[in-house]
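Welcome! Here is a short tour for anyone meeting this structure for the first time. Take a look at it first, and then read on.

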Amino acid sequence: MKRKLLGSWEIKKTNTSSGLKKVVISVTSIILGLIFAGLFVLLTGKNPLELYTEIVQSSVGSIYGLSETIVEMIPLALCSLGVSLAFRMQLWNIGAEGQFYMGAFGATYFALFFSGLPKLVLLPLMLLAGLICGGLWALIPALPKAFWNVNETISSLLLNYVAYLWIAYLVYGPWKDPKGNNFPLTKPFSDNGTIPVFGNTRISYALFLMFIIAVILFFILKHSKWGYEIRVSGSSRKAADYAGMSYIKNVLLVMFLSGSISGIAGMAEVSGVLHRLQQTISPGYGYTAILIALLARLNPISILLVSFLMGGLLVGGYSLQTSGFPSSMVSMFQGSILFFVLAGEMFNNYRLVRKKA
Amino acid sequence: MNLNYLIAILASGVVAGTPILYASLGEVITERAGILNLGVEGMMLVGAVSAFYVGTFSQNKWLGLLVAIVAGGLMALIHAVITIAFRANQVASGLALTIFGTGLSAYLGRTLVGIPPTSTFKTVPLPGLSQIPIIGKILFNQDLMVYLSVILVIVLWFVFYKTKAGLLLRAAGENPSAVDALGHNIFLVRYAAVIGGGMFAGAGGAYLSLAYSPSWVENMSAGRGWIAVALVIFAVWDPARALLGAWLFGVIASLGLHLQALGVMIPSYFLQMLPYIFTFIVLVITTRETKTRRSGTPAALGIPYSREER
């Protein structure tokens, strides 16, 4: 397995990669990604360093910024944990955005129409509704995938637009707050329907939910038989069939769970942060979640770390808006980083060595 | 519903289908060579913003289109380098391209929001042909980019099935090691196909911002890039069927808009869902068909080619 290149050097394939090397490659990739995206900023006559400084200062430069970064981290990490579970089985569920919206929808239904229930009954009900709605929404692309091998990447994505329009219908139509000055939002949830927050921050107790789910996933993936099963089913359906694992059952189960975690994220957002359903409940959490899952190599603990970083990038994006930049331009930085991380993968699997004379 | 109304729906269906047709044709070329590019949405957006930028300031729509084509090709080049040279996962790289393109177009277009266009593609009735009853109004009373897209379908069909270059392209997606063994440069074929595909997506984006709704709005492609990728499966990787799919999609989309205008009592949000639900259903049905016919999908689609693992 050798390939000639560069005179006395050659590239050798290696199947092992040390932890340190992985970290070095990841950090280098992120820096190169920021440089690449910065070039586009530079080409249009702006100083990318100013933008980057602004992003860092606004996100982690103050206690307030830091707390806002954690507010953004929660939905990002939950959605990312959701998609990473599906990615483990090579199921490209990129419908987290829609599953997030549907989770918010389910939770809002109970918050609006059962607002009189005691908090300890209403909040679990809302959680369950968010979980089920997100899960069922993910089952729609999962069923054709399981039975007829229909491409789940495209189908799960198409449903994002449907979910978005469904919420639009609700908040512009039947669920619109009559006292809301015609804004597309529902009336605020009763106190019983809201998750408490820490002190005077906007960080809700859903933070615990995020840690619990991350830890559960970590143990399922690393230490359970089922975690092993979905990894095998993902890498080879034949091997899975041969070992007596039910591929169809696992596709459906993994996709349901994957969607339900994003659904929980949607519930946590409306109940913990916004306290109502509105058209703009997500700046694209479900899409950023995909990137986070890939950057974190699907490791639940790394996902928390990367979500924190991406949360900071989002907060930085909001602050760029005040300087006249669209907040969505942060996806340019995200995409660019991902390019280099993906390209860098090759250096994990290959090594440059000096040829023996 | 009277006949004139039906004609209007079909004619605007062709218009609505045209950006998707360009993008679909591009993805057909790309996938035929064995590379899956899910970055179509991002390439279209960058195409749309650059077309509007250049078209508006130079007051020359053709220059705008040209720049959009180049921009789409450059975007695709990123995907090509990552997936061909670095052999990275094609799904992930395509997603990255879409995310990147969404952000880049928002950044480049930040000063363009709300600016009126100065040069757009307008209806040019073809002399004679546009007088044909019904058909004339639907097909020959359109703008130049619509006619161009139909010509491109014919050209691509000819290249695919009647030329050596087409054979090479298809072989690259079916059996890359055979192409390599015959002494052709498989990498060159794949690079060319991916970049060519991006150029088409860029043109599709230009159609959005210079003809379909001449303006720049963040995220104006609204999922059309993804619909284009889905239609490639419907098209069984055939340019002629891509045209059929794109126009069919366009008619569904314009049907929704016209029902709204007619005051049908369905909330507009449900009508706007139609194209996505329609594409979903088409995806399911055609995948089942392709499976039973056991034909269609290029055999090496999505698999990185590496000589040492031949």
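Predicted model: local features only at pLDDT ≥ 70, side-chain atom pairs only at ≥ 80, totals over all residues.

Residues are numbered from 1 along each chain as its sequence is written, while chains are lettered from A and ligands numbered from 1 in the order in which they are written.

**Overall build of chain A**

- Chain A holds 13 helices and three strands; helices (H or I, at least four residues) and strands (E, at least two) are DSSP runs numbered from the N terminus.
- The C-alpha trace of chain A spans about 80 × 60 × 35 Å along its principal axes.
- Of the 357 residues in chain A, 50% are buried, meaning that 20 or more other C-beta atoms, placed from the backbone, lie within 10 Å of the residue's own.

**Domains of chain A**

- Domain 1 covers 1-44 + 326-357 and domain 2 covers 70-306, with bounds from an automatic or database domain assignment.
- The C-alpha centres of domain 1 and domain 2 of chain A are 31 Å apart.
- Five residues from domain 1 and six residues from domain 2 of chain A form their contact; two residues are in contact if their C-beta atoms, placed from the backbone, lie within 7 Å.

**A helix pair in chain A**

- Helix H5 (residues 119-148) and helix H10 (residues 247-274) of chain A have axes that come within 6 Å and cross at roughly 145°. Axes here are lines fitted to C-alpha atoms, for helices over the stretch in contact, and angles run from 0 to 180 degrees between N-to-C directions.

**Where the chains meet**

- In the contact between the chains, 42 residues of chain B meet 42 residues of chain A.
- On the chain B side, helix H3 (61-85), helix H4 (90-108), helix H10 (224-234) and helix H12 (268-293) each supply at least two residues.

**A closer look at A:Ile55**

- A:Ile55 sits in helix H2 (residues 48-60) of chain A.
- A:Ile55 counts as buried because it has 22 C-beta neighbours inside 10 Å.
- Leaving aside residues up to four places away in sequence, A:Ile55 touches A:Leu313, A:Gly316 and A:Leu320.
- The C-alpha atoms of A:Ile55 and A:Asp177 are separated by 35 Å, and these two residues are 122 residues apart along the chain.

Conventions: Buried ≥ 20, exposed ≤ 12 C-beta atoms within 10 Å, placed from the backbone.
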